[in-house]
Amino acid sequence: MGTAEPQVATAQSQLSDGFQLVIDALKLNGIDTIYGLPGIPITDLTRRAQAEGMRVLSFRHEQSAGYAASIAGFLTQQPGICLTVSAPGFLNGLNALAHATVNCFPMILISGSSEREIVDLQQGDYEELDQLAVARPLAKAAFRVLQAEDIGVGVARAIRAAVSGRPGGVYLDLPAKLFAQTIDAAAGTRSLIKVVDPAPKQVPAPEAVKRALELLKGARKPLVILGKGAAYAQADAEIRSLIERTGIPYLPMSMAKGLLPDTHEQSAAAARSYVLPEADVVMLIGARLNWLLAHGKGKTWGGKGAKDWGGQRFIQIDISPQEADSNVRIDAPVVGDIASCVSALLAGIGSGWAKPPAEWLRAIQERKSKNIAKMAETLAGNPSPMNFHSALAVVRDVVKANPDAMFVNEGANALDFARSIVDMYRPRKRIDVGTWGIMGVGMGYCVAAAVVTRQQVIAIEGDSAFGFSGMEVETLCRYNLPVCVVVLNNNGVYRGTDVNPAGGPDVAPTVFVKGARYDKLIEAFGGVGAHATTPAELRRAMEEAVRSRRPTLVNAVIDETAGTESGRITSLNPSAKKK
Ligand SMILES: Cc1ncc(C[n+]2csc(CCOP(=O)(O)OP(=O)(O)O)c2C)c(N)n1
Ligand SMILES: [Mg+2]
């Protein structure tokens, strides 16, 4: 500010406050949506953000707002913002913050907090809690802003921490007093930072790329595994090119489904249990060797014992240099952002790359065809009552007819069957329970998916899973979102058939009210409820939901004996193991 303007007595109009600076800092960085729940001390922040043209989506529970913010981060590469009140609201949002960190989704949990001088002396303030200390171990980074002139820096640091390198959840603590602090408006504006290049490219070292290509070249049974990091990267064309130009079969992890259409001839998803132990060189792209891939060893990978190495050699493309060797030896780590790494590999491959040995491809094709034929037979059945397969055969058709629809999925059997039965055709369409296998993401994900993509959303929910966020059907109706929730209702957790071993009046812990009508819930808020006992009824209800784009909940009655304990992960269940 070089020009000296006369300082006349309009001081009032030239002041800015903490509320304003938080809003301005977010807007300056292109953040236009807040997922939250109002109350002391952030009620006015929600009002003023809305007045300033931000989209402020209000939820019934902070956990749903947090999951919405986390998945908005995954879908947009911009930090999703969750806004909560102090202590209890903050704690309700914390689960989602941890979820974001574990899943590498960029998210910022902004919570109001109580007065520092009272909290720190533990004098019993309203909603007293040292939130920063609680958040820190669960977040990629955690910051507190005490002075209005530092709001710009606080928001900038939070954004950089959330999206740069390996993304994650960031906590930003804003004490009540900060919001009302006033500073000179011009100084306030100057204090804001528009973050330049928030997620800088990280280009891999040429020798790392060369090492990886040499290993891949020598492979007789190569395999690529695509993780949700690959989906996050939005390097869809490059990834598809790499797969198709090398001719290597690939496996998509759950949220990487659709990066290439699941019907792609190189997909080895239907031969997973064959390719994992058989492969000799495995290239991981944005996929970690965590429990979901049996830690890269053991019987899944052809190892003799539960912890034995199966003999595979691994190439791992990851943005974090610490990821390599976390479970088994990585022979060729390629560290960088996925777009840069895949581009570098493509450049190194050139045009004369030899396809994998025909024998390997033929063996996979054989298994695939057999398994697909077997599945088709199961899907064609029309048992009464409906089972997961006959219901999901319908869902599969509806998704095929609407490939741009977002697909939300949680539950145990409801998750595992849907993952393997319902094909995805486009990148980042499938969003689910993620690394933790967490229940409760459902309705928050639906809201964010609808808001961010403006596409139809289809949610396939176990009846237990749905219950964790069920009240948010009011949110779906309030914002009139094009969401079709299908509750696969088998009367309980995994199944509805358990009995109380002690014979008392309480039902077993896994069992719910039999024949519950979840469709009635949404009707209470003006949404469309439908009750489906046959595949034909389910199809009609889903097609009508997609046609009308009205918030809809279909209660799909599933045979209560159809599920298995813990779905596909029964082996992780201690008591089931003993049996
Ligand atoms: C937050 C959380 N609490 C508990 C669990 C344990 N859990 C795993 S799946 C599941 C529910 C499975 O039942 P349902 O959603 O009805 O699916 P179904 O297998 O019956 O289709 C539960 C409670 C979890 N994964 N996450
Ligand atoms: Mg169930």
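**View 1. Asp463 and Gly492, two buried residues at the magnesium ion (ligand 2) of this predicted model**. Asp463 counts as buried because its relative accessibility is 3%, where buried means under 20% relative accessible area, exposed over 50% and partly exposed in between, calculated with a 1.4 Å probe and the protein chains only. Gly492 is likewise buried, with a relative accessible area of 3%. The model is predicted, so that local features need pLDDT of at least 70 and side-chain atom pairs count only at pLDDT 80 or more, whereas totals for chains, interfaces and linings use all residues. Residues are numbered from 1 along each chain as its sequence is written, chains are lettered from A and ligands numbered from 1 in the order in which they are written, and side-chain values use heavy atoms, with hydrogens and water left out.

**View 2. Protein donors of the magnesium ion (ligand 2)**. The donor residues follow the sequence spacing D-x26-N-x1-G. Asp463, in helix H19 (residues 463-467), and Gly492, in the loop between strand S17 (483-489) and helix H21 (519-523), are 29 residues apart and link distant parts of the chain. Helices (H or I, at least four residues) and strands (E, at least two) are DSSP runs numbered from the N terminus.

**View 3. Backbone polar contacts of ligand 1**. Oxygen atoms of ligand 1 lie 3.2 Å from a polar backbone atom of Ala412, 2.8 Å from a backbone N or O atom of Asn413 and 3.1 Å from a backbone N or O atom of Tyr494; a polar contact with the ligand is a pair of N or O atoms within 3.5 Å. Taken alone, ligand 1 exposes 590 Å², of which the protein buries 77%, the areas coming from the Shrake-Rupley method with a 1.4 Å probe.

**View 4. The shell around ligand 1**. Ligand 1 is surrounded by 16 residues, the closest being Asn413, Gly437, Asp463, Ser464 and Ala465, where a residue is near if one of its heavy atoms lies within 4 Å. H19 supplies the largest share of this shell, three residues.

How values were computed
Donors are N, O and S atoms within 2.8 Å of the metal (3.2 Å for Na, K and Ca); water is not among the atoms, so sites may look incomplete. A polar contact is a pair of N or O atoms within 3.5 Å; within protein, one must be able to donate a hydrogen and the other to accept it, and residues adjacent in sequence count only if both atoms are side-chain atoms.
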